[in-house]
Amino acid sequence: MKIIRGKREPAEAESADGLGGGAVSRRGVLGSLAALPVLYGIGSVAPALASPATRPGSVPSGGVPRATDDLVRGVERRYNAPLLTPGTRVMLPPGIKAVPVQDYYRHPHLASAESVWPRMAATDGTTVDASIVPERGASTRIAMLSGFTEGWYELTHAGGRADRVTWDARTFPFLWFYGEFGATNEAPYRDRFYTLAMQPFSGNPYSGNTLAK
């Protein structure tokens with residue numbers, strides 16, 4: 001994966017921060033994602049680095065992932081204040097679909113309906129423009145994004161800096177999107193987090209946990 005800071009600078013590689021890429025179980029992915037604000041320190045700005053693909057896992061009937069089911073994930077890239085500010089914009093390729101992850105902090109599962117980016121259902125049920133980072137206190141936005149024929153996203157910050165991240169969409173056709181902007185009151189969050197994180201995946205870790213409305 002390549003990261004370009006500023007539209008005219010050459011791509012530069014950075015060391016990964018947080019969980020590294022590699023094969024993990026679906027159960028491990030679901031568990032670690034649900035605890036991200038605890039596992040990841042605030043202030044990390046690391047690229048999502050490509051990892052070689054492994055075999056896709058299967059989900060047994062009943063929607064319970066097997067511990068041996070393999071997924072491959074790139075390393076998460078996380079943006080935090082003061083770099084991340086209201087009005088920061090997230091650009092994606094055309095045709096991207098978003099499926100919200102519901103009840104994320106207790107029993108994460110996919111919503112039954114998808115939307116076309118940048119429209120997305122936030123955790124409070126409202127439909128938001130997920131391409132614009134909101135003010136502090138806005139509802140949480142969590143989704144799995146798909147439909148990538150090209151793997152890239154770009155953040156344009158209020159100060160004019162542009163970060164463009166690219167990856168091989170054939171290896172990582174999914175992108176996990178996590179925006180926590182201070183609306184979660186329960187421990188250990190307590191209104192403290194204002195962060196946006198994105199991470200490529202070889203498959204959808206929530207695909208066995210979809211619940212119909």
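Modeller: pLDDT is the predictor's confidence in each residue, on a scale from 0 to 100. This is a predicted model, so local features need pLDDT of at least 70 and side-chain atom pairs count only at 80 or more, while totals for chains, interfaces and linings use all residues. Residues are numbered from 1 along each chain as its sequence is written, and side-chain values use heavy atoms, leaving out hydrogens and water.

Colleague: What's the average pLDDT of the protein?

Modeller: The average is 74, and 62% of the residues score at least 70.

Colleague: Where is pLDDT under 50?

Modeller: Residues 7–21 stay under 50; the model gives them 33 contacts beyond four places in sequence, a contact being heavy atoms within 4.5 Å. Residues 35–68 are also below 50, with 87 contacts beyond near neighbours in sequence.

Colleague: Moving on. How many salt bridges?

Modeller: Seven, where a salt bridge is a side-chain nitrogen of Lys or Arg within 4 Å of a carboxyl oxygen of Asp or Glu. One of them joins Lys 97 to Glu 114, at 3.6 Å from N to O.

Colleague: Where do Lys 97 and Glu 114 sit in the chain?

Modeller: In distant parts, 17 residues apart: Lys 97 is in strand E6 (residues 97–102) and Glu 114 is in the loop between strand E7 (109–110) and strand E8 (115–116). The labels are DSSP runs numbered from the N terminus, with helices (H or I) of at least four residues and strands (E) of at least two.

Colleague: Is Lys 97 buried, partly exposed or exposed?

Modeller: Partly exposed, with a relative accessible area of 29%; Glu 114 is partly exposed as well, with 48%. Buried means under 20% relative accessible area, exposed over 50%, and partly exposed in between (1.4 Å probe, protein chains only).

Colleague: Which residue does Arg 164 pair with?

Modeller: Arg 164 forms a salt bridge with Glu 154, with 3.1 Å between the closest N and O atoms. That pair links strand E13 (residues 162–167), which holds Arg 164, to strand E12 (residues 151–156), which holds Glu 154, 10 residues apart. Arg 164 is partly exposed at 27%, and Glu 154 is buried at 5%.

Colleague: Which residues are linked in a network of salt bridges?

Modeller: Arg 77, Arg 161 and Asp 163. Between Arg 161 and Asp 163 the N to O distance is 2.9 Å. Arg 161 is partly exposed at 31%, whereas Asp 163 is buried at 0%.

Colleague: What about the largest nonpolar core, how many residues?

Modeller: It has 27 residues, and Trp 117, Leu 145 and Tyr 153 have the most contacts inside it. Such a core is a set of buried Ala, Val, Leu, Ile, Met, Phe, Trp, Tyr and Cys residues joined through side-chain atoms within 4.5 Å. E11, E12, E13, strand E14 (174–180) and strand E15 (195–201) each give it two or more residues. Apart from it lies another core of 13 residues, including Val 101, Tyr 104, Tyr 105 and Phe 201.

Colleague: What is Trp 117 in contact with, beyond four places in sequence?

Modeller: Val 90, Leu 92, Ile 96, Ala 130, Ser 131, Leu 145 and Phe 177.

Colleague: And where is Ser 131 found?

Modeller: In the loop between strand E10 (127–129) and strand E11 (141–146). Ser 131 is buried, at 10%. Its side chain makes a polar contact of 2.5 Å with that of Asp 129. A polar contact is a pair of N or O atoms within 3.5 Å; within protein, one must be able to donate a hydrogen and the other to accept it, and residues adjacent in sequence count only if both atoms are side-chain atoms.
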